[in-house]
Number of protein chains: 4
Amino acid sequence: MSVKVALVGATGYTGLEVARRLVGHPDANLVLATARADAGKQISQVHPSLAGLIDCQLEKLDPESIAKRCDVAMCCLPHAASAETCQLLCQAGVRVIDFSADFRLSSLPVYESWYSVTHPWPQRVGRTVYGMPEFFADEIATADLVANPGCYPTSAILPLAPLIKAGLIEQNDIIVDSKSGVSGAGRSAKVGTLYCETNESIAAYAVGQHRHQPEIEDLVGRISGEPIEVVFTPHLTPMNRGILSTIYVRGKGDAGETLVPMIHQCWNEIYQDKPFVHVVDHLPATGHVSMTNHVQMTARAAGNRIVLICAIDNLAKGASGAAIQNMNVMFGLDQASGLR
Amino acid sequence: MSVKVALVGATGYTGLEVARRLVGHPDANLVLATARADAGKQISQVHPSLAGLIDCQLEKLDPESIAKRCDVAMCCLPHAASAETCQLLCQAGVRVIDFSADFRLSSLPVYESWYSVTHPWPQRVGRTVYGMPEFFADEIATADLVANPGCYPTSAILPLAPLIKAGLIEQNDIIVDSKSGVSGAGRSAKVGTLYCETNESIAAYAVGQHRHQPEIEDLVGRISGEPIEVVFTPHLTPMNRGILSTIYVRGKGDAGETLVPMIHQCWNEIYQDKPFVHVVDHLPATGHVSMTNHVQMTARAAGNRIVLICAIDNLAKGASGAAIQNMNVMFGLDQASGLR
Amino acid sequence: MSVKVALVGATGYTGLEVARRLVGHPDANLVLATARADAGKQISQVHPSLAGLIDCQLEKLDPESIAKRCDVAMCCLPHAASAETCQLLCQAGVRVIDFSADFRLSSLPVYESWYSVTHPWPQRVGRTVYGMPEFFADEIATADLVANPGCYPTSAILPLAPLIKAGLIEQNDIIVDSKSGVSGAGRSAKVGTLYCETNESIAAYAVGQHRHQPEIEDLVGRISGEPIEVVFTPHLTPMNRGILSTIYVRGKGDAGETLVPMIHQCWNEIYQDKPFVHVVDHLPATGHVSMTNHVQMTARAAGNRIVLICAIDNLAKGASGAAIQNMNVMFGLDQASGLR
Amino acid sequence: MSVKVALVGATGYTGLEVARRLVGHPDANLVLATARADAGKQISQVHPSLAGLIDCQLEKLDPESIAKRCDVAMCCLPHAASAETCQLLCQAGVRVIDFSADFRLSSLPVYESWYSVTHPWPQRVGRTVYGMPEFFADEIATADLVANPGCYPTSAILPLAPLIKAGLIEQNDIIVDSKSGVSGAGRSAKVGTLYCETNESIAAYAVGQHRHQPEIEDLVGRISGEPIEVVFTPHLTPMNRGILSTIYVRGKGDAGETLVPMIHQCWNEIYQDKPFVHVVDHLPATGHVSMTNHVQMTARAAGNRIVLICAIDNLAKGASGAAIQNMNVMFGLDQASGLR
């Protein structure tokens with residue numbers, strides 16, 4: 001059996017990354033791809049790196065047609081627009097992996113306040129599994145709709161959640177300082193992400209106001225059973241891909257050097273049988289995980305804090321790689337199929 | 001009058017930057033440049049960007065000769081080697097601006113512990129002015145020896161010191177997360193700073209162990225009169241130049257939004273007549289100050305913290321530009337001469 | 001006396017570069033700046049790197065007002081729109097330096113064919129000095145309108161013209177393979193110049209169809225008195241600034257190694273008293289001239305060809321630096337004033 | 001059956017790339033890896049990106065041990081040293097894929113003149129298959145020793161050889177202007193490939209003197225049966241990976257536009273059943289083939305020339321990907337196994 005995949009919203013970087021991963025996937029293949037403005041073009045015209053590898057004509061979105069031809073839809077649309085489409089797809093009987101933030105949060109008011117929209121399918125908010133198989137594999141396996149995680153949240157939840165659950169660190173004194181490659185800003189034409197605006201420069205943005213902050217808090221809370229508060233600062237870094245999160249926490253009780261081995265042990269217990277999360281001794285660089293679905297994390301003592309460092313590829317484990325991993329779980333495949 | 005400058009240790013990036021700045025300086029000129037391994041070569045052979053602009057044969061270091069021909073020496077040597085040379089130059093009667101860390105700290109034991117060497121000229125430790133004219137212009141004006149500031153410390157001391165002095169923020173809950181361009185790592189051949197090791201990747205290094213941490217603590221303490229403790233994490237960022245420091249502090253008493261305008265006002269009072277420090281409303285990017293001696297800083301509220309953001313060019317205000325500024329002060333020139 | 005400058009079309013990269021250069025210019029200053037969409041904003045809002053250095057409110061274009069307040073206008077508008085504005089400015093009595101291609105070519109039909117527009121001020125085509133003071137300083141000195149050279153043409157004309165004039169190389173066997181930084185593509189929002197589209201990638205564009213080809217042919221012909229034909233291929237290179245032109249020519253008669261010293265001698269004779277053109281022995285890199293108005297060129301023998309290599313900064317000598325140089329000539333200042 | 005691979009000289013970029021490709025290869029696996037200075041370390045210490053994916057202790061080179069444990073050795077050593085090791089490995093009975101230039105050329109004197117060494121195993125020069133399965137698959141299938149192609153030559157031979165063979169273009173008027181990412185310069189510590197020396201700069205090097213020039217001439221000659229002469233200029237480009245070759249040729253007889261479709265047709269006939277060579281209509285960028293074993297090529301008319309443009313990834317099809325492809329052919333696997 002080969003899983004038949006529809007790629008909904010194929011023209012951005014996450015769409016390209018899904019298509020590339022499916023080229024090499026032994027048990028899944030791309031059956032159709034949709035686009036709004038570029039419908040009618042070949043996908044290789046929009047993404048010249050696909051030339052010779054894979055091709056198909058971009059179609060207008062038609063949920064019934066997708067339902068007939070595909071097992072699963074990867075939905076790479078902007079928030080709100082995505083929820084609307086997910087509802088149509090689910091109702092037509094397609095299983096859906098949604099890349100947007102629409103079904104990630106537990107709380108409708110929190111969503112509507114941070115995203116400044118009325119949610120098109122409010123009934124599913126709080127009732128959709130978060131697509132992080134390291135914690136929710138069983139629910140993902142049977143889900144009709146999976147909320148694929150945000151990129152920054154992935155780099156923060158994976159190191160934080162086990163430590164909060166284990167009671168090793170304080171819940172209200174957490175600073176997440178994240179550095180992302182520019183692909184995280186998407187592929188639409190904006191002055192702010194022109195080459196010359198971002199190259200040879202690093203800057204913080206959305207300080208104290210980024211929508212991934214409530215996602216980190218919500219998910220760490222859900223996984224650990226404990227409420228947390230986070231100060232979150234994202235930075236635009238002159239590189240295509242990658243997120244490095246430098247996370248400052250305070251130990252509960254046993255601070256200092258003694259806590260570091262306890263943290264590594266806690267992580268190792270949780271992640272030892274997870275194929276993509278690696279607790280390492282070296283200081284992870286985003287280059288170490290670039291183009292892979294892997295996560296590297298480590299901890300260090302520094303003064304009165306512990307510094308957790310986590311590196312991912314924002315387009316792989318931070319988006320399209322995670323989606324493939326979720327698809328693998330949904331269809332009973334090896335979690336790492338197509339991701340090695 | 002034109003100040004006659006000796007450049008001691010001309011082959012690195014700070015040496016090149018000094019030479020370039022002197023090309024356009026109306027009141028100073030490069031009279032001689034020294035190098036160890038490259039003595040005998042033209043400086044334009046070592047730095048092809050100087051071809052056609054300025055040239056001279058690199059000489060072996062000879063303090064007596066420098067004393068005869070120059071008013072001031074810019075000493076760009078590694079720590080310990082630098083102190084030894086500074087002593088010879090001072091004794092020969094040359095005024096010296098030292099780029100190394102040898103005379104920056106107040107305490108000899110702190111220096112010897114962090115730098116793991118015996119200090120060659122211990123008598124001057126704690127008795128040398130720190131070359132930050134924003135705070136120490138009067139002492140610099142008459143100094144025979146000036147300790148040019150470290151790059152990271154410049155980006156942390158300028159925002160922090162006034163706030164600590166004004167009692168606006170807590171002294172023991174300060175996190176400095178800094179991102180530096182690769183030129184900060186120098187021009188010697190090392191695998192770690194090869195293009196392919198650092199491009200398309202960001203990583204933390206020396207977590208909790210970087211030598212600029214005690215320098216930040218020492219200087220903020222000296223300027224504000226209050227002891228502070230800092231958690232400091234530097235990151236190697238894929239760009240040639242620039243440092244962005246994202247600094248997490250906690251307000252004393254009045255936390256939150258109300259503190260931000262107080263911080264901006266505090267900075268504006270201190271820096272209003274300083275030509276290079278600019279309090280801005282936008283979020284500073286390192287690209288905004290690249291190739292200039294300028295500093296941009298701002299503050300934002302974020303959860304239970306205030307985030308201070310400061311951008312400098314590590315080779316300009318973080319090294320060679322600061323040195324030119326110090327030289328201007330030492331010789332009674334306009335502080336900004338040659339730096340516009 | 002200080003030259004009063006109007007910057008017309010201030011929001012792009014060439015406008016920013018003019019503004020920056022004027023900050024440090026001892027004999028000229030920015031008096032007003034215009035913008036269409038951004039009129040009313042401060043120039044430092046559009047270019048945050050100007051914060052603290054220079055500021056003024058962007059105005060709507062008003063030729064009469066410019067004529068009253070300014071000596072010269074730097075016109076950084078798109079072709080055709082530029083010619084129209086230049087005419088209004090000239091008629092109002094302002095001297096104008098035009099950054100567009102509108103007045104560079106000798107022939108109206110050639111212009112209209114390559115640029116696919118009707119020229120708004122055809123009378124001045126073929127009667128406007130080309131702003132390359134290395135060859136046309138006397139005419140520039142008295143001109144009311146100067147056609148500022150194109151970036152690629154500057155990197156090709158400077159090495160080629162003297163060799164054609166001296167009869168050293170064949171006129172119809174010239175290949176110009178040029179590599180440009182991304183700033184050459186301007187600051188408008190386009191997918192093709194997004195960071196992730198150009199970073200970690202190099203590509204040719206407009207092969208055999210770039211508008212700078214007739215400009216190179218026209219000007220080398222005008223300077224040398226000989227018609228030439230050029231094959232020209234520009235490449236988009238992952239860097240902000242710089243153009244490297246690798247030019248393949250064939251010697252006339254004396255081919256091979258013996259020609260290289262003759263070429264260097266020919267260049268040295270022409271350029272020895274020109275402040276910005278440097279004939280060098282090393283292989284020039286764009287980084288060697290980055291952020292400066294300088295040009296480095298060299299020649300090498302390779303098989304049956306001579307390879308000429310020329311490096312400039314596309315925004316400096318390739319645009320705004322050349323404009324400042326032209327302004328200096330127009331107002332009797334030192335050619336290098338504000339450009340060191 | 002799974003092919004057992006020895007990686008000889010594992011610490012460079014080609015070694016890393018081989019190791020990564022073997023992680024995902026369904027029919028081959030890394031059995032041992034050697035290193036000189038780093039023997040005893042884990043391979044993941046030398047290449048932190050392998051952490052969690054693959055690991056083994058680096059060994060000293062022992063041909064007998066390799067022969068016992070492995071089917072094939074990938075030899076990533078410097079020239080001359082490589083030939084010596086290849087001889088030992090072949091004599092011990094291991095099949096070898098040699099990444100060096102030692103067995104690529106037909107002529108011993110040409111090799112010894114361009115590489116300035118005495119060849120350690122001269123008997124095999126001119127008697128070793130060139131590892132380009134697009135032309136030599138049958139010989140590769142049975143070879144004991146395969147000379148893996150050079151990176152630049154791959155990008156020039158693939159477009160040129162069929163056109164020379166078909167008599168479409170002149171043999172002595174070929175200019176190859178190539179732009180390579182910095183990984184081509186290797187992973188040893190040199191000032192010239194430090195981040196700050198190569199970032200934001202492009203430069204030609206080894207003009208008329210690069211060792212890949214005779215390799216291009218030799219192989220195009222061997223494949224087409226016609227002698228050719230090439231002018232070759234490589235450029236160091238600020239990116240990790242990729243080679244773009246812009247090749248200027250002159251049509252034989254039918255010049256101009258009519259030749260372009262004939263060239264595309266000629267290529268399509270040769271490459272239609274080759275899995276990695278793609279004739280495209282768009283202008284190829286190196287980013288389009290980055291991290292893949294694919295080749296994109298196109299042709300354009302420009303004045304009196306045809307411009308051929310070819311993009312590869314220098315570490316994939318230009319080195320380690322080609323080696324995997326060769327291994328697949330040697331062991332009867334699908335040519336594209338592990339390379340999708």
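## Chain D against chain B

In this predicted model, 20 residues of chain D are in contact with 20 residues of chain B, contact meaning heavy atoms within 4.5 Å. Together the two chains bury about 1,700 Å², of which 58% lies on carbon and sulfur atoms; buried area here is the accessible area (1.4 Å probe) that two parts lose on being put together, summed over both.

Two salt bridges are found across the interface of chain D and chain B, a salt bridge being a side-chain nitrogen of Lys or Arg within 4 Å of a carboxyl oxygen of Asp or Glu. Glu197(D) forms a salt bridge with Arg187(B), with 2.9 Å between the closest N and O atoms. Helix α8 (residues 195-198) of chain D gives the most to the side of chain D that touches chain B, namely four residues, where helices (H or I, at least four residues) and strands (E, at least two) are DSSP runs numbered from the N terminus. The residues on this side of chain D divide into nine nonpolar, seven polar and four charged.

The same surface serves both copies, since 100% of the contact residues of chain D recur in chain C.

## Chain D against chain C

Here 41 residues of chain D are in contact with 41 residues of chain C, and the two chains bury about 3,000 Å² between them, 60% of it on carbon and sulfur atoms. The count between chain D and chain C is six salt bridges. Arg305(D) forms a salt bridge with Asp173(C), the closest N and O atoms being 2.2 Å apart.

## How the model was read

Residues are numbered from 1 along each chain as its sequence is written, and chains are lettered from A and ligands numbered from 1 in the order in which they are written. Local features need pLDDT of at least 70 and side-chain atom pairs count only at pLDDT 80 or more, whereas totals for chains, interfaces and linings use all residues, and side-chain values use heavy atoms, with hydrogens and water left out.

Note on methods: Nonpolar A, V, L, I, M, F, W, Y, C, P; charged D, E, K, R; others polar.
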